[in-house]
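The sequence and structure are shown first.

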Amino acid sequence: MNYRAVKGMNDILPDEMVRWHHLEREFRVVAERHGYGEVRTPIIESTALFTRSIGEATDIVEKEMYSFERHGEALTVRPEGTASAVRAYVEHHIHQKEPVTRWYYLGPMFRGERPARGRYRQFHQLGCELFGDAGSVCDAEMIDMLHGLFMRLGISDLEIVINSLGGADTRPRYRQIIVDHLEPRKARLSEDSIRRLSSNPLRILDSKDERDIAALEGLPSIIEVLTQDDREHFDRLCSQLDRLGTPYRVDPTLVRGLDYYTRTLFELRSQAGQVGAQNALGGGGRYDNLVQQMGGPSTPAIGFALGVERILLAMDVAELASPPLVVIAPIGPQAASEALLMARELRDHGICVELDGRGGASTSLKAMLRRANARGARVCLVLGQEELESQKVQLKDLAARSQVLVAREELMHRLLDVLQQPMMTGGAA
RNA sequence: GUGGCCGUAGCUCAGCCCGGUAGAGCACUGGAUUGUGGCUCCAGUCGUCGCGGGUUCAAAUCCCGUCGGUCACCCCA
């Protein structure tokens, strides 16, 4: 093989695309039902947009971005969607047009990580952003919307984890508390966490290392050090979720990889279809300072992103119904030409038709029928020399194993009749 | 980025330890059925054994490197 897809980037072939479309369709339905409208932003943005919004010291910015220079411009293929949405929101002065804005998006993102199951260098996200409302109602509604979406997708073991990072001042303050707490116990930390103590102390909270867990003993949780306003926001969110009956678990150690989050933070997890620790299907949170930070007016906001590939792993979709298919099997070149005409006529009536053009050459009827059966076709129309001469066509119900000879002018009527019948299990009688 | 495991037919894999002419099932094609599919039976097609180098009379098999996948770590969707 001379050429292959770039490492960590995948082709999605039609067989698999059925599941993708199902997921995307469900997402769109749910998002639109909640008042969100689709936004599409460029896949390439200025590098600075990401470094400023995501944070200079994050893993994404430090080592995972696909950045390049072109005509003197520093550009990056987007590693996530929020930065672009915020940029577009600010650039088009959306805040002057409406007080509250709800956008959704879907598309590919790029991060140069080492690929593994459910983690790729080109991966796809579904996301929502809500601008202009600071209330905890938004948080509750968004989390409930996600819960509803996952229920529709049949992901039953969904776990919703929430936390609050407080306002802009809380994080540095808590960070200091962690450092003060751990510095005297530094010697007992894991190697990774000793390094993190100076680079990203908050990350130590989700360490699974026994030594770190022991060293963290006695540290107040971030929720305990929230300001009163932040605390009230979080408490309101919890009671609103309780009222909705939306299940969630508070985990004060939940920290996410992006710098712009404030207050509410959430993550969605499932064990289904997963191997090992890679169980996060998506997550999000508030970013009340980001819009202003990116040069816009002070605008509270909240959003989330879901990993399509991961949801697809967790989603157990039995059999997705597809529209009934009709295969036309012509025998001989003359019949093939006639079949071409017939196929168009059927399609004009909204029927999905696959014309087996091989029948125009030397392929046997048997081969075409076998193929029609393998494709899961509902009906096969056989058009041979005899039918051509008598202006008729064999209408074969593949499921019922029955066949009738119908006149051309009756075909549409009879065909629609068969297609409307529920699929009968053949051979039961 | 670090470490483990894997890479053989279109797909799933056996063969590798112990070097000696590359296999199975599924799929595909044809036949049993001159124009009738799901089951059955018969036959057939399909391979740079991931790639490159080394050892050897001889390498899918042993050694080194490399690429890809996967798992753990890291991190995250």
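## Salt bridge between Glu354 and Arg375

Glutamate 354 is partly exposed, with a relative accessibility of 26%. The model under discussion is predicted. In it, glutamate 354 pairs with arginine 375 in a salt bridge whose closest N and O atoms lie 2.6 Å apart. This pair links distant parts of the chain, 21 residues apart: glutamate 354 belongs to strand β13 (residues 352-355), whereas arginine 375 sits in the loop between α14 (365-374) and β14 (379-383). Arginine 375 is likewise partly exposed, its relative accessible area being 36%.

## Salt bridge between Arg119 and Glu113

A further salt bridge joins arginine 119 to glutamate 113, with 3.5 Å between the closest N and O atoms. Arginine 119 is partly exposed at a relative accessible area of 26%, while glutamate 113, at 18% relative accessibility, counts as buried. The latter assignment follows because buried means under 20% relative accessible area.

In total, the count of salt bridges comes to 20. One of them is formed by the side chains of arginine 28 and glutamate 38, with an N to O distance of 2.4 Å. Arginine 28 lies in helix α1 (residues 14-33) and glutamate 38 in strand β1 (residues 37-38), so this pair ties together parts that are ten residues apart in sequence.

Both partners have intermediate accessibility values: arginine 28 is partly exposed at a relative accessible area of 23%, and glutamate 38 is partly exposed at 31% relative accessibility. The pair also belongs to a network of salt bridges in which Arg28, Glu38 and Arg40 are linked.

## Packing of α1 against α6

Helix α1, which carries arginine 28, also packs against another helix. Its axis comes within 10 Å of the axis of helix α6 (residues 136-152), and the two cross at roughly 150°. Because angles over 145 degrees count as roughly antiparallel, α1 is described as roughly antiparallel to α6. The crossing of α1 past α6 is right-handed.

On the α1 side, the contact is made by Glu26, Phe27, Val29, Val30, Ala31 and Arg33. Helix α6 contributes Met145, Leu149 and Arg152. By residue class, the contact of α1 with α6 comprises six nonpolar and three charged residues, with no polar ones.

Conventions. Residues are numbered from 1 along each chain as its sequence is written. Chains are lettered from A and ligands numbered from 1 in the order in which they are written. This is a predicted model: local features need pLDDT of at least 70, side-chain atom pairs count only at pLDDT 80 or more; totals for chains, interfaces and linings use all residues. Side-chain values use heavy atoms; hydrogens and water are left out. A salt bridge is a side-chain nitrogen of Lys or Arg within 4 Å of a carboxyl oxygen of Asp or Glu. Helices (H or I, at least four residues) and strands (E, at least two) are DSSP runs, numbered from the N terminus. Buried means under 20% relative accessible area, exposed over 50%, partly exposed in between (1.4 Å probe, protein chains only). Axes are lines fitted to C-alpha atoms, for helices over the stretch in contact, and angles run from 0 to 180 degrees between N-to-C directions. Angles under 35 degrees count as roughly parallel, over 145 as roughly antiparallel, 65 to 115 as roughly perpendicular and the rest as oblique. A crossing is left-handed if the near helix is turned anticlockwise from the far one by less than a right angle, and right-handed if clockwise. Contact means heavy atoms within 4.5 Å. Ala, Val, Leu, Ile, Met, Phe, Trp, Tyr, Cys and Pro count as nonpolar, Asp, Glu, Lys and Arg as charged, and the others, Gly among them, as polar.
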